[in-house]
Amino acid sequence: MKLERMIGILSILLQQQKVTAPYLAEKFEVSRRTINRDIEALCLAGIPLVTSQGAHGGISIMEGYTIDRTLLSTSDMQAILAGLRSLDSISGTNRYAQLMEKLSAGASSLLPGDAHILIDLSSWYKASLTPKIEQIHNAILTSRCISFTYYAPKGVSERVIEPYHLLFQWASWYVWGYCTARQDFRLFKLNRMNGLHTGTAYQKRTAPLPDLSAKQVFPHNYMVKAVIHPRFKWRLIEEFGMGSFTEQPDQSLLFSAGFSDPENIVCWIASFGNGAELLEPEELRTEVLAFAEGICEKYAKETPS
């Protein structure tokens, strides 16, 4: 909060020639002594601030000191506001928008009421996800371990990690941390976590940033070719883009893309029903057939004669 407050004070001084300590104290809801300490810290950081006494006194930036008072343009401020509003969509509060109001104090014309960019980072599971994000964020700030039950394709496990980063990627939320069981850094999906608890303090270690490139997370171990019915063109465009297929003379779509594992290929092809035929890898055609036969057998047994 101190850094946010100091940025806010500097922003106000960039936009107003002079302000008083009581004004800043009221604006940021702190004591005058706290404001005085912030002013001292800004001076130590190289910002030449001047304090004058008297009826027209106050705090200002030294005259003649050249600072670009249009450091943030209108479009810059609006982009920042859009980003901060997106964070509010997670927490269900407006604290980040309030921060933006403090940063833009005295320049309300930069922030028109109508916003043309709306970003909502909340999910269908907002009721359960938002508390997890808040709890993990607090654990990161206070350097405390978290423990949870984790549900993954390979099974259920109990994990204890040192959390370092919250990430929003691929339309989902993840935490990046050092797993004490695996003795290495791992990425965990928040929706797969249950029974989240904050534990003991940990000593921060050098934490590498995760490699979130598509090739690293979803390596193309298998190249798929398939013929897709034209009624599913919208889906190929949405999931893989226009360059993932070519239209054939009969209007069918010849699809080509990389997949990470055979299970995903079989399930993806099967999701089209009779609207897709897998051509390659040829050895997986029998697995698609077995998958379909298994479904037919199950429903045939349950269908009354």
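Helix α8 (residues 233–240) lies across β8 (222–228), β9 and β10 in this predicted model, and runs at about 30° to β10. Helices (H or I, at least four residues) and strands (E, at least two) are DSSP runs, numbered from the N terminus; contact means heavy atoms within 4.5 Å. Axes are lines fitted to C-alpha atoms, for helices over the stretch in contact, with angles running from 0 to 180 degrees between N-to-C directions. Helix α9 (residues 262–270) also packs on the sheet, where it touches β8, β10 and β11, and its direction makes about 5° with that of β8.

The sheet in question is open and has four strands in the order β9-β10-β8-β11, with antiparallel pairing. Two strands count as paired if DSSP finds at least two bridges between them. At the edges are β9 (245–247) and β11 (276–280), each of which pairs on one side only. On average, neighbouring strands of this sheet are turned by 20° against each other, direction ignored. Three bridges join β9 to the antiparallel strand β10 (residues 253–259), and F245 has F255 in β10 as its bridge partner.

Residues are numbered from 1 along each chain as its sequence is written, and side-chain values use heavy atoms, with hydrogens and water left out. As the model is predicted, local features need pLDDT of at least 70 and side-chain atom pairs count only at pLDDT 80 or more, while totals for chains, interfaces and linings use all residues.

Five bridges join β3 to β7, with S147 standing opposite H197 in β7. Between β3 and β4 there are seven bridges, again in the antiparallel sense, and a hairpin joins the two strands through two residues. Here I146 stands opposite I161, and A152 has G155 as its bridge partner in β4. Strand β4 is joined in turn to β5 by eight bridges, the two running antiparallel; L166 stands opposite V175 in β5. The hairpin of β4 and β5 has two residues between the strands, and in it W170 takes a positive phi near 55°.

The largest pocket holds about 1700 Å³ of space. For this analysis, a 1 Å grid was laid over the protein atoms alone, and a pocket is an open set of points where a 1.4 Å probe fits, with protein on both sides within 12 Å along at least five of seven lines; lining residues have an atom within 4 Å of a point. Grid points are joined across faces, edges and corners, and the volume is the space filled by probe spheres set on the points. Of the 35 lining residues, P153, Y174, R192, V217 and F218 are the closest to the pocket centre. Elements that each supply at least two lining residues include β3 (144–152), β4 (155–169), β5 (172–179) and α8. By class, the lining has 18 nonpolar, seven polar and ten charged residues (Ala, Val, Leu, Ile, Met, Phe, Trp, Tyr, Cys and Pro count as nonpolar, Asp, Glu, Lys and Arg as charged, and the others, Gly among them, as polar).

The structure holds five salt bridges, each defined as a side-chain nitrogen of Lys or Arg within 4 Å of a carboxyl oxygen of Asp or Glu. One of them links E162 and R205 (3.0 Å, N to O). Since E162 lies in strand β4 and R205 in the loop between β7 (193–201) and α7, the pair ties together parts that are 43 residues apart in sequence.
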